[in-house]
Amino acid sequence: DVVGVFTNQDLQNLYNQLIETGNVSDVEALKVGAAIEEIDILDLEANLLTVDNQDITFVYNNLTKGSENHLRAFVKNLSMRGVTYSPVYLNIETYNAIINN
């Protein structure tokens, strides 16, 4: 019920870390945004493995495409600032496939 407060301690720790890092600078905030999209992609892919409802699969696939688009946008914005982004959560092969799509 409160913004930024989670009952799951792992989520709370991740949130705290990302907020602290993102507050350092615009570049760090863009890196945090990209990392969040990586996490979203991994979460959606994991959930897709457990779903047998076509409607939910359709929604998860579209959400994944959106997160991939957002990841590309964050990486592009970082590149325009002279920063090369390296994936934090995705493996390099998956990351490159998304970025080069």
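The paragraphs below go from the whole chain to single residues.

This is a predicted model, in which local features need pLDDT of at least 70 and side-chain atom pairs count only at pLDDT 80 or more, while totals for chains, interfaces and linings use all residues. Residues are numbered from 1 along each chain as its sequence is written, and side-chain values use heavy atoms, with hydrogens and water left out.

The secondary structure of the protein chain comes to four helices and zero strands, where helices (H or I, at least four residues) and strands (E, at least two) are DSSP runs numbered from the N terminus. Read from the N terminus on, the order of elements is α-α-α-α, and the C-alpha atoms fill a box of roughly 40 × 40 × 20 Å when taken along the principal axes. Of the 101 residues in the protein chain, 25% are buried; here buried means under 20% relative accessible area, exposed means over 50%, and partly exposed lies in between, with a 1.4 Å probe and protein chains only.

The largest pocket holds about 150 Å³ of space. A pocket is found on a 1 Å grid over the protein atoms alone, as an open set of points where a 1.4 Å probe fits, with protein on both sides within 12 Å along at least five of seven lines, and its lining residues have an atom within 4 Å of a point; the volume is the space filled by probe spheres set on the points, which are joined across faces, edges and corners. The lining consists of Phe 6, Leu 11, Leu 14, Tyr 15, Leu 18, Ile 19, Ile 36 and Ile 39, and the elements that give two or more residues to it are α1 (9-22) and α2 (26-48). Helix α1 gives the most, with five residues. By class, the lining divides into eight nonpolar residues, no polar and no charged, with Ala, Val, Leu, Ile, Met, Phe, Trp, Tyr, Cys and Pro counted as nonpolar, Asp, Glu, Lys and Arg as charged, and the others, Gly among them, as polar.

Leu 18 is found in helix α1 and counts as buried because its relative accessibility is 13%.

Lys 31 counts as partly exposed at 29% relative accessibility, as does Glu 28 at 22%.

On the surface, Leu 42, Val 88 and Tyr 89 form a nonpolar patch with about 250 Å² of accessible area together. Val 88 lies in the loop between α3 (54-80) and α4 (92-99), and Val 88 is exposed because its relative accessible area is 53%.

Conventions: Patch = residues over 30% accessible without salt bridge, like charges linked within 9 Å, V, L, I, M, F, W, Y side chains within 5 Å. Areas by Shrake-Rupley, 256 points an atom, 1.4 Å probe, with all protein chains shown as cover. Salt bridge = Lys/Arg side-chain N within 4 Å of Asp/Glu carboxyl O.
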